[in-house]
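Student: Hi! Could you walk me through this one with me? I have some quick questions.
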Amino acid sequence: VPQKRRVKVQVICGVGMGSSLMAKMTIDAVAKELGVDISSEVGQPSTAGLGKIDIIATTPFLADKLGNVGDAKIVVFTNFVSKKHIRERFEPALREVLEEIEQGM
Amino acid sequence: MGADMLRQVLTPDVIRLKARATDWEDAVRQSVGLLQNVGAVEPRYVDASVQMVKDLGAYMVLAPGLALAHARPEAGVRRNCLALLTLETPVAFGHPENDPVYVVFALGAIKSDEHVKLIADLAQFLEREETIAALGRAETAEEVLALLDQGSSR
(Lines give C-alpha, C1' and ligand atoms only; values in the text may rest on other atoms or scores of the structure.)
Protein backbone atom coordinates (compact mmCIF):
# COMPACT_ATOMS: atom_id res chain seq x y z
CA VAL A 1 0.00 0.00 0.00
CA PRO A 2 1.53 3.35 -0.94
CA GLN A 3 1.92 5.79 1.93
CA LYS A 4 -0.13 8.96 1.66
CA ARG A 5 2.65 10.94 3.27
CA ARG A 6 6.00 10.51 4.92
CA VAL A 7 6.19 9.94 8.69
CA LYS A 8 8.20 12.69 10.38
CA VAL A 9 10.45 11.58 13.22
CA GLN A 10 12.58 13.64 15.57
CA VAL A 11 15.22 12.25 17.92
CA ILE A 12 15.98 14.51 20.87
CA CYS A 13 19.02 14.47 23.13
CA GLY A 14 20.99 17.13 24.97
CA VAL A 15 23.21 18.26 22.12
CA GLY A 16 21.81 16.54 19.03
CA MET A 17 25.19 15.22 17.86
CA GLY A 18 25.88 12.05 19.82
CA SER A 19 23.26 9.74 21.25
CA SER A 20 20.40 11.16 19.19
CA LEU A 21 22.35 10.82 15.95
CA MET A 22 23.17 7.24 16.85
CA ALA A 23 19.50 6.45 17.53
CA LYS A 24 18.42 8.28 14.35
CA MET A 25 20.65 6.02 12.26
CA THR A 26 19.12 2.94 13.87
CA ILE A 27 15.58 4.29 13.40
CA ASP A 28 16.33 4.90 9.72
CA ALA A 29 17.53 1.30 9.40
CA VAL A 30 14.45 -0.05 11.20
CA ALA A 31 12.08 1.98 8.99
CA LYS A 32 13.87 0.71 5.91
CA GLU A 33 13.48 -2.89 7.10
CA LEU A 34 9.78 -2.28 7.67
CA GLY A 35 9.45 -0.63 4.27
CA VAL A 36 8.10 2.60 5.77
CA ASP A 37 8.97 5.98 4.29
CA ILE A 38 10.13 8.33 7.07
CA SER A 39 12.09 11.53 7.34
CA SER A 40 14.11 11.85 10.51
CA GLU A 41 16.13 14.57 12.17
CA VAL A 42 18.00 15.14 15.41
CA GLY A 43 17.34 17.97 17.82
CA GLN A 44 17.55 19.38 21.31
CA PRO A 45 14.70 19.79 23.81
CA SER A 46 14.23 23.40 22.66
CA THR A 47 13.46 22.31 19.08
CA ALA A 48 11.24 19.33 20.01
CA GLY A 49 7.97 19.20 18.09
CA LEU A 50 8.80 22.07 15.72
CA GLY A 51 7.55 21.32 12.21
CA LYS A 52 4.58 18.94 12.51
CA ILE A 53 6.38 15.97 13.95
CA ASP A 54 4.64 12.57 14.19
CA ILE A 55 7.01 10.79 16.55
CA ILE A 56 9.56 12.13 19.02
CA ALA A 57 12.11 9.66 20.36
CA THR A 58 14.12 10.63 23.44
CA THR A 59 15.59 9.49 26.76
CA PRO A 60 13.74 9.17 30.09
CA PHE A 61 15.69 12.21 31.32
CA LEU A 62 14.42 14.57 28.64
CA ALA A 63 10.89 13.26 28.07
CA ASP A 64 9.46 15.65 30.67
CA LYS A 65 11.53 18.62 29.42
CA LEU A 66 10.08 18.73 25.93
CA GLY A 67 7.28 21.23 26.55
CA ASN A 68 4.41 21.45 24.07
CA VAL A 69 4.97 18.98 21.26
CA GLY A 70 1.51 19.08 19.70
CA ASP A 71 0.16 15.71 18.58
CA ALA A 72 3.53 14.01 18.41
CA LYS A 73 3.78 10.58 20.01
CA ILE A 74 6.68 10.31 22.43
CA VAL A 75 8.80 7.16 22.43
CA VAL A 76 11.36 6.69 25.21
CA PHE A 77 14.53 4.68 24.68
CA THR A 78 16.60 3.52 27.65
CA ASN A 79 19.11 1.89 25.30
CA PHE A 80 20.47 3.95 22.41
CA VAL A 81 22.71 1.32 20.86
CA SER A 82 20.51 -1.79 20.71
CA LYS A 83 18.63 -2.12 17.44
CA LYS A 84 16.33 -4.66 19.07
CA HIS A 85 15.36 -2.25 21.87
CA ILE A 86 14.85 0.65 19.50
CA ARG A 87 12.75 -1.44 17.14
CA GLU A 88 10.58 -2.80 19.99
CA ARG A 89 9.75 0.69 21.21
CA PHE A 90 9.61 2.50 17.88
CA GLU A 91 7.64 0.09 15.73
CA PRO A 92 4.30 0.28 17.64
CA ALA A 93 4.30 4.09 17.49
CA LEU A 94 5.17 3.98 13.81
CA ARG A 95 2.30 1.59 13.08
CA GLU A 96 -0.14 3.84 14.96
CA VAL A 97 0.95 6.85 12.94
CA LEU A 98 0.66 4.91 9.68
CA GLU A 99 -2.88 3.92 10.59
CA GLU A 100 -3.78 7.52 11.39
CA ILE A 101 -2.34 8.67 8.10
CA GLU A 102 -4.30 5.97 6.29
CA GLN A 103 -7.51 7.16 7.97
CA GLY A 104 -6.72 10.70 6.88
CA MET A 105 -6.16 12.07 10.38
CA MET B 1 36.08 -1.36 5.67
CA GLY B 2 33.27 -0.30 7.96
CA ALA B 3 35.07 1.39 10.81
CA ASP B 4 37.65 3.57 9.02
CA MET B 5 36.74 6.77 10.80
CA LEU B 6 36.54 5.11 14.21
CA ARG B 7 39.90 3.42 13.63
CA GLN B 8 41.44 6.73 12.54
CA VAL B 9 40.25 8.63 15.62
CA LEU B 10 40.53 6.04 18.41
CA THR B 11 44.32 5.80 18.68
CA PRO B 12 46.24 4.24 21.60
CA ASP B 13 47.02 7.68 23.10
CA VAL B 14 43.30 8.25 23.78
CA ILE B 15 42.62 4.79 25.20
CA ARG B 16 42.98 4.18 28.93
CA LEU B 17 41.93 0.83 30.37
CA LYS B 18 40.97 -0.37 33.84
CA ALA B 19 41.35 3.06 35.38
CA ARG B 20 40.22 3.88 38.90
CA ALA B 21 37.47 6.45 39.24
CA THR B 22 35.88 7.59 42.49
CA ASP B 23 32.49 8.50 40.99
CA TRP B 24 30.76 9.44 37.72
CA GLU B 25 32.22 12.94 37.69
CA ASP B 26 35.74 11.59 38.06
CA ALA B 27 35.05 9.13 35.22
CA VAL B 28 33.78 11.92 32.95
CA ARG B 29 36.76 14.14 33.82
CA GLN B 30 39.25 11.36 33.15
CA SER B 31 37.67 10.32 29.85
CA VAL B 32 37.31 13.83 28.45
CA GLY B 33 40.74 14.58 29.93
CA LEU B 34 42.21 12.09 27.45
CA LEU B 35 40.97 14.35 24.64
CA GLN B 36 42.40 17.40 26.38
CA ASN B 37 45.79 15.69 26.73
CA VAL B 38 46.10 15.32 22.96
CA GLY B 39 44.88 18.86 22.28
CA ALA B 40 41.61 17.78 20.66
CA VAL B 41 39.49 19.82 23.07
CA GLU B 42 40.12 22.85 25.26
CA PRO B 43 40.32 22.38 29.04
CA ARG B 44 36.89 24.01 29.49
CA TYR B 45 35.28 21.16 27.52
CA VAL B 46 35.98 18.86 30.49
CA ASP B 47 33.93 21.08 32.81
CA ALA B 48 31.21 21.48 30.18
CA SER B 49 30.85 17.70 29.88
CA VAL B 50 30.42 17.35 33.65
CA GLN B 51 27.90 20.18 33.60
CA MET B 52 25.82 18.40 30.93
CA VAL B 53 25.19 15.52 33.33
CA LYS B 54 24.42 17.91 36.19
CA ASP B 55 21.95 19.84 34.01
CA LEU B 56 20.27 17.07 32.03
CA GLY B 57 20.79 13.94 34.11
CA ALA B 58 22.43 10.69 33.10
CA TYR B 59 20.93 10.68 29.59
CA MET B 60 24.40 10.08 28.15
CA VAL B 61 24.38 6.60 29.67
CA LEU B 62 23.40 4.89 26.43
CA ALA B 63 23.18 1.22 27.38
CA PRO B 64 23.93 -1.06 30.36
CA GLY B 65 27.50 -0.25 31.44
CA LEU B 66 28.11 2.36 28.73
CA ALA B 67 28.30 6.17 28.78
CA LEU B 68 29.13 8.70 26.06
CA ALA B 69 30.51 11.82 27.74
CA HIS B 70 30.22 14.97 25.65
CA ALA B 71 29.13 18.60 25.54
CA ARG B 72 28.30 21.11 22.83
CA PRO B 73 30.76 21.79 19.99
CA GLU B 74 31.07 25.44 21.01
CA ALA B 75 32.18 24.41 24.51
CA GLY B 76 35.74 23.96 23.27
CA VAL B 77 35.96 21.23 20.63
CA ARG B 78 38.97 21.71 18.32
CA ARG B 79 38.44 18.68 16.08
CA ASN B 80 36.30 15.56 15.81
CA CYS B 81 37.63 13.19 18.42
CA LEU B 82 36.80 10.19 20.56
CA ALA B 83 38.48 8.65 23.61
CA LEU B 84 37.89 5.45 25.57
CA LEU B 85 38.16 5.00 29.32
CA THR B 86 37.29 1.71 30.97
CA LEU B 87 36.97 1.34 34.73
CA GLU B 88 38.33 -1.25 37.06
CA THR B 89 35.39 -0.62 39.38
CA PRO B 90 32.11 0.51 37.79
CA VAL B 91 30.49 3.78 38.93
CA ALA B 92 26.84 4.84 39.13
CA PHE B 93 25.65 7.78 37.00
CA GLY B 94 22.09 7.76 38.32
CA HIS B 95 20.48 5.95 35.39
CA PRO B 96 17.42 3.84 36.34
CA GLU B 97 18.34 0.86 34.14
CA ASN B 98 21.89 1.14 32.87
CA ASP B 99 24.01 1.66 36.01
CA PRO B 100 26.73 0.90 36.89
CA VAL B 101 28.94 2.17 34.08
CA TYR B 102 32.33 0.69 33.28
CA VAL B 103 32.92 1.83 29.67
CA VAL B 104 33.06 5.59 29.02
CA PHE B 105 33.58 7.04 25.57
CA ALA B 106 34.32 10.76 25.41
CA LEU B 107 33.18 12.53 22.26
CA GLY B 108 34.12 15.90 20.84
CA ALA B 109 32.19 16.66 17.67
CA ILE B 110 32.07 19.39 15.07
CA LYS B 111 29.05 19.22 12.75
CA SER B 112 30.45 17.70 9.57
CA ASP B 113 30.33 14.64 7.31
CA GLU B 114 33.31 13.36 9.26
CA HIS B 115 31.39 13.53 12.55
CA VAL B 116 28.39 11.71 11.04
CA LYS B 117 30.71 8.98 9.79
CA LEU B 118 32.34 8.66 13.20
CA ILE B 119 28.97 8.26 14.95
CA ALA B 120 27.84 5.74 12.33
CA ASP B 121 30.98 3.67 12.91
CA LEU B 122 30.53 3.89 16.68
CA ALA B 123 26.85 2.90 16.47
CA GLN B 124 27.70 -0.10 14.32
CA PHE B 125 30.48 -1.13 16.70
CA LEU B 126 28.35 -0.80 19.84
CA GLU B 127 25.31 -2.49 18.36
CA ARG B 128 27.02 -5.85 18.66
CA GLU B 129 25.88 -7.12 22.02
CA GLU B 130 29.25 -8.46 23.14
CA THR B 131 31.18 -5.24 22.43
CA ILE B 132 30.68 -3.45 25.75
CA ALA B 133 31.64 -6.44 27.89
CA ALA B 134 34.65 -7.14 25.66
CA LEU B 135 35.83 -3.53 26.01
CA GLY B 136 35.47 -3.84 29.78
CA ARG B 137 37.70 -6.92 29.78
CA ALA B 138 40.39 -5.53 27.44
CA GLU B 139 43.81 -5.14 29.07
CA THR B 140 45.66 -3.43 26.21
CA ALA B 141 44.95 -0.87 23.51
CA GLU B 142 45.88 -3.53 20.94
CA GLU B 143 42.98 -5.67 22.14
CA VAL B 144 40.62 -2.73 21.73
CA LEU B 145 41.87 -2.06 18.20
CA ALA B 146 41.43 -5.74 17.36
CA LEU B 147 37.80 -5.49 18.49
CA LEU B 148 37.31 -2.53 16.14
CA ASP B 149 38.67 -4.55 13.25
CA GLN B 150 36.38 -7.50 14.08
CA GLY B 151 33.43 -5.15 14.11
CA SER B 152 34.23 -3.76 10.69
CA SER B 153 34.83 -7.05 8.93
CA ARG B 154 31.55 -8.74 9.76
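Student: How many residue pairs are in polar contact across the interface of chain B and chain A?
Tutor: This is a predicted model, and in it 7 residue pairs make polar contacts across that interface, with both residues at pLDDT 80 or more.

Student: And how many salt bridges between chain B and chain A?
Tutor: The count there is 0.

Student: Okay, which parts of chain B touch chain A?
Tutor: Helix 3 (44–56), strand 2 (61–63), strand 3 (66–69) and helix 4 of chain B each bring at least two residues. The largest share, 8 residues, is from helix 4 of chain B. Sorted by class, that side of chain B has 22 nonpolar, 6 polar and 5 charged residues.

Student: How much area do chain B and chain A bury between them?
Tutor: About 2100 Å², with 72% of it on carbon and sulfur atoms. B:Leu56, B:Tyr59 and B:Leu62 account for 28% of what chain B buries against chain A, more than any other three residues.

Student: Switching to pockets: what volume does the largest pocket have?
Tutor: About 340 Å³. Of its 15 lining residues, A:Arg5, A:Lys52, A:Ile53, A:Asp54 and A:Asp71 are the closest to the centre. The lining includes 7 charged, 6 nonpolar and 2 polar residues.

Student: What lines the second largest pocket?
Tutor: Residues from chain A, including A:Asn79 and A:Lys84, and from chain B, including B:Pro64 and B:Ile132. Helix 2 of chain A and helix 4 (113–127) of chain B are the elements that give two or more residues. The volume of this second largest pocket is about 210 Å³.

How values were computed:
Residues are numbered from 1 along each chain as its sequence is written. Chains are lettered from A and ligands numbered from 1 in the order in which they are written. This is a predicted model: local features need pLDDT of at least 70, side-chain atom pairs count only at pLDDT 80 or more; totals for chains, interfaces and linings use all residues. Side-chain values use heavy atoms; hydrogens and water are left out. On a 1 Å grid over the protein atoms alone, a cavity is a set of points where a 1.4 Å probe fits but cannot get out, and a pocket is an open set with protein on both sides within 12 Å along at least five of seven lines; lining residues have an atom within 4 Å of a point. Grid points are joined across faces, edges and corners, and a volume is the space filled by probe spheres set on the points. Ala, Val, Leu, Ile, Met, Phe, Trp, Tyr, Cys and Pro count as nonpolar, Asp, Glu, Lys and Arg as charged, and the others, Gly among them, as polar. Helices (H or I, at least four residues) and strands (E, at least two) are DSSP runs, numbered from the N terminus. Buried area is the accessible area (1.4 Å probe) that two parts lose on being put together, summed over both. A salt bridge is a side-chain nitrogen of Lys or Arg within 4 Å of a carboxyl oxygen of Asp or Glu. A polar contact is a pair of N or O atoms within 3.5 Å; within protein, one must be able to donate a hydrogen and the other to accept it, and residues adjacent in sequence count only if both atoms are side-chain atoms.
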